[in-house]
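Visitor: Please take a close look at the aromatic side chains here. I would like the ring geometry and the surroundings in one connected account.

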Amino acid sequence: MLLTVVAFIVALGVLIAVHEYGHYRVAVACGVKVLRFSVGFGQPLLRWQPKGSPTEFVIGAFPLGGYVRMLDEREAPVAPEERHLAFNTQPLRSRAAIVAAGPLANLLLAVLLYAAVNWIGVQEPKAYLASPVAGSIAEQAGLKGGELVVEAVVGDQASEPVRSFEDLRWVLTRGALDALNVRLLLQPERGSSPREVLLRLDQMDVREADAQLFRKIGIAGPWTRPVLGEVMPGSAAERAGLREGDEVLRVGGVDVVDGSRLRELIRASVRGHEPLEQVWRVERAGSLIDVAVRPDVVRDASGSVGRIGAYVGALPDMIHVNYGPVEGLWKGVERTWEVSVLTLRMMGRMLIGEASLKNLSGPLTIADYAGRSASMGLTQYLAFMALISVSLGVLNLLPLPVLDGGHLMYYLWEAVTGRGVSEAWMERLQRTGVAVLLFMMSIALFNDLTRLFG
């Protein structure tokens, strides 16, 4: 819990500070007087003003936001001798640059964070495929499990190398959300030619980017040996006499080829709401034994499923993925662009009803992911921060009043018509923007509560 809170506050503080610093830095460069730079709202916890600087720097008690207060005739009277320092008296190009600088700073931060992940490197599972989910797109494409994916093509885009299972998940996510077919090039087995399979993702009805997405495709995880890990006290596995290190060879009359197939058989060991007893053939310390297993029944997004209360599947084969200085930076640019485009497309699909509003996440989900990523290591935490930084940058560029994109929309109107938006229209648009933003925040918070406590 403490790690989650600290990871969330640090991530949010850094992302907000960078966003506001973008506004601040460009405002100063354009000759605008900045009165206050604040990270957080409410009662100031810390404040200081560098000698010779007109700006007061503040850290507020509530870290959910920040602001840069500039000299502006619309907010307070401005002395005649300082009028040239006011924001509202600046040329249109300067005002637009100041407003756009915040979101662009977040996107630039995302590039650097993704680049840092690429430079440091991370241990990721190799792209060996587990047994496909029964009846899934992957099974229909002819995948059996155990294949190694070396390249992938999304739609008619250029072929891209697949170095790890995380690369493959990203390829599949893009293909599914954009309704584009994905071609996978598999490493040839000894004495055979390279094989290519086509995943028909163009006909998927994808409304939610959740864990069920990969089950629908049929590629839920990397290949692992069907070995049991830690057995929970009082669990179905313990009641059956299963032990850590047992390798499962058969469940009923079905051969178990990997951890994924074993998990599917356990999930399916339910009839209605009642568990089905299964006879498992297990290898333990070189001996073969039969064990009667009656899983517990739990509910998840797909309905009633079986659980045994033990870690299923050995650790997958891992690979250390990292890149050189130039390649790592360029891939940071590419990933930031791809995530930005995907975010905009998802928002557009939610707007027209082609994607579920359940995809919206709020502070509780973000805090939960912050804690999880921080517990996994530095690179995972940096990748999480990069993703949120992209989301913050893209969200603020939306043409919604009260956001930076809404102000840019006003400036576009001014550039086209030669006059600013009237005070009356500004007030109406601001009220509309606040209402839309509160609506989105309410849905996001509801989704948070449903995910965490539903």
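Guide: A charge sits over a ring if NZ of Lys or CZ of Arg is within 6 Å of the ring centre and within 35 degrees of the ring normal. Arg428 meets this with Trp425: its charged end is 5.1 Å from the ring centre. Arg163 lies over the face of Tyr323, at 4.6 Å from the ring centre. This is a predicted model.

Now the ring pairs. The whole structure holds seven aromatic pairs. In one of them, the ring centres of Tyr24 and Phe37 are 5.6 Å apart and the planes stand at 90 degrees, so the pair is edge-to-face. Tyr24 belongs to helix α1 and Phe37 to strand β1, 13 residues apart. Tyr24 is buried, at 11% relative accessible area. Phe37 is buried too, at 8%.

Phe37 also pairs with Phe57. Their centres are 5.6 Å apart, but the planes are at 40 degrees, so this pair is tilted. Phe57 sits in strand β2, so the contact ties β1 to a part 20 residues away in sequence. Phe57 has 14% relative accessibility and counts as buried. Tyr24, Phe37 and Phe57 share one aromatic cluster with Tyr21 and Trp48.

Next, the nonpolar packing. The largest nonpolar core has 41 residues. Among those with the most contacts inside it are Phe87, Phe384 and Met385. Elements giving two or more residues to this core include α1, β1 and β2. Helix α2 gives the most, with nine residues. A second, separate core has 26 residues, including Leu129 and Val154.

Methods
Residues are numbered from 1 along each chain as its sequence is written. This is a predicted model: local features need pLDDT of at least 70, side-chain atom pairs count only at pLDDT 80 or more; totals for chains, interfaces and linings use all residues. Side-chain values use heavy atoms; hydrogens and water are left out. A nonpolar core is a set of buried Ala, Val, Leu, Ile, Met, Phe, Trp, Tyr and Cys residues joined through side-chain atoms within 4.5 Å. Buried means under 20% relative accessible area, exposed over 50%, partly exposed in between (1.4 Å probe, protein chains only). Helices (H or I, at least four residues) and strands (E, at least two) are DSSP runs, numbered from the N terminus. Rings of Phe, Tyr and Trp (its six-membered ring) pair if their centres lie within 6.5 Å; planes under 30 degrees apart count as stacked, over 60 as edge-to-face and the rest as tilted.
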